[in-house]
Amino acid sequence: MGAMSVRTQSPEPPESPESSSGAPHRAGFACFVGRPNAGKSTLTNALVGQKVAITANQPQTTRHTVRGIVHRADAQLILVDTPGLHKPRTLLGERLNDVVRATWAEVDVIGFCLPANEKLGPGDRFIAKELATIKRTPKIAIVTKTDLVDSKTLAEQLIAIDQLGKELGFEWAEIVPVSAVADKQVDLLADLLVPLLPEGPALYPEGDLTDEPEQVMVAELIREAALEGVRDELPHSIAVVVEEMLPREDRPADKPLLDIHAFVYIERPSQKGIIIGPKGKRLKEVGIKSRKQIEALLGTPVFLDLHVKVAKDWQRDPRQLRKLGF
C-alpha cells in the first residue's frame with residue numbers, strides 16, 4: 001500500500017489570527033457531497049456554528065443550494081450544499097443531478113463525506129466515479145460520525161477510502177476523520193480546506209452566515225417540520241412555498257410581528273389527511289414547531305399562517321417545478 005496521509009489534530013496550541021497575518025487572505029467555495037445521511041448538513045452547521053442547512057434523517061431534503069459561510073481571520077470559506085447525487089427516477093431527480101454536476105465544476109474544493117460507521121457501498125462508488133471525472137477540483141475525503149466507531153473500524157475505513165481513490169485513478173488531497181456531533185477535528189477540517197481556496201478578499205460581509213434568501217430558509221424549516229413523523233408515507237412529496245413575509249402594521253417598534261403566509265404542497269388529495277392529521281392536530285404541531293425555529297432564525301416574533309394545497313404530481317411536471325422554485 002502506498003503512502004496515505006490522514007490528518008488528525010496535533011496537540012499544539014492554535015495560532016492566534018495575528019501570528020498568521022503574514023499569509024494572504026483566501027476566499028472561495030467548497031461543497032460537501034456524499035450519500036444521503038452521510039452527515040453533510042450537520043458538518044456544514046458545525047463549521048458555520050449555526051443551523052443553516054436543514055438536517056434530516058431522510059434523503060433529498062436539502063433541495064436548494066444553502067450556503068453556510070465560515071468567517072476566519074485568514075479566510076472566508078463559503079459552503080455550497082448541493083442536493084444528494086442519486087440515480088434519477090423523476091424529472092426532479094434529473095434536474096437535481098444537473099445542478100450537482102454544475103456545482104462541482106464551479107467550486108474550489110469538494111469534500112466527500114463518508115460515514116465511519118458504514119462500509120463503502122455502491123452509492124459511495126457511484127459518487128466517487130462521478131468525482132473522478134471532475135479533474136481540476138481538489139477532493140478531500142471526510143470521514144464523518146467518528147464518534148460512533150472504535151479506532152480499528154476507523155482505520156479500516158480510512159484504508160478503504162484511500163484504496164477507492166487509487167482504484168479510480170485519483171489522489172485525495174486529504175483524508176480527514178471528523179465528528180461534527182462531538183466537535184472533533186472540525187476546526188482542523190477548516191484549516192485543510194482553506195489552503196485549497198484562491199487568494200482574494202472576503203466575498204460576503206462579516207455577519208452573513210448564509211446568502212439564501214430568508215424566505216427559502218423559512219420554507220425549508222417548515223418542510224422539515226412537516227416531514228417529521230410522516231417520512232415513510234410522504235418521503236419526497238412535500239414542497240413548501242412562502243407566499244409572503246410582511247411586518248404587521250400598526251405594531252409598536254419594540255413589539256414587532258412578522259406575518260408569514262406559506263403553502264405546503266402535496267401531490268395527491270389522499271395525502272392531505274396525513275399532513276393535516278385528525279382534527280388538524282398535526283398541521284397545528286407543524287406550525288408550532290416551525291414557528292419556534294423561524295423565530296430563532298429571524299430573531300423576531302412570527303405569526304405563521306399555514307395552508308395545505310394539492311399540486312398534482314408536481315415532481316414530474318416542469319411547470320409546477322418552476323412554480324415551486326426548482
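**Cores, sheet and rings**

Guide: The largest nonpolar core has 27 residues, and those with the most contacts inside it are Val218, Ile222, Ile238, Ile260, Ile294 and Leu306. A nonpolar core is a set of buried Ala, Val, Leu, Ile, Met, Phe, Trp, Tyr and Cys residues joined through side-chain atoms within 4.5 Å; buried means under 20% relative accessible area, exposed over 50%, and partly exposed in between (1.4 Å probe, protein chains only). The model is predicted: local features need pLDDT of at least 70, side-chain atom pairs count only at pLDDT 80 or more, and totals for chains, interfaces and linings use all residues. Residues are numbered from 1 along each chain as its sequence is written, and side-chain values use heavy atoms, with hydrogens and water left out.

Visitor: Which elements give two or more residues to this core?

Guide: Helices (H or I, at least four residues) and strands (E, at least two) are DSSP runs, numbered from the N terminus. Here the contributors are helix H6 (214-227), strand S7 (239-247), strand S8 (258-266), helix H8 (281-298) and strand S9 (302-310). H6 gives the most, with 7 residues.

Visitor: With which residues is Ile222 in contact, leaving aside its neighbours within four places in sequence?

Guide: Contact means heavy atoms within 4.5 Å. The partners of Ile222 are Val240, Ala262, Val264, Val286, Ser290, Ile294, Leu304 and Leu306.

Visitor: What is the order of the strands in the open sheet?

Guide: Strands of a sheet pair through backbone hydrogen bonds, either parallel or antiparallel. Two strands pair if DSSP finds at least two bridges between them. In this model, 3 strands form an open sheet in the order S7-S8-S9, with mixed pairing. S7 and S9 are the edge strands, each pairing on one side only. S7 and S8 run antiparallel and are joined by 8 bridges; Glu244, for instance, has His261 in S8 as its bridge partner.

Visitor: How many aromatic pairs does the structure hold?

Guide: Rings of Phe, Tyr and Trp (its six-membered ring) pair if their centres lie within 6.5 Å; planes under 30 degrees apart count as stacked, over 60 as edge-to-face and the rest as tilted. The structure holds 3 such pairs. The rings of Phe170 and Trp172 have centres 4.9 Å apart and planes at 80 degrees, so this pair is edge-to-face. Phe170 is buried, at 13% relative accessible area, and Trp172 is buried, at 7%. For Phe263 and Tyr265, the centres are 6.2 Å apart and the planes at 45 degrees, so that pair is tilted.
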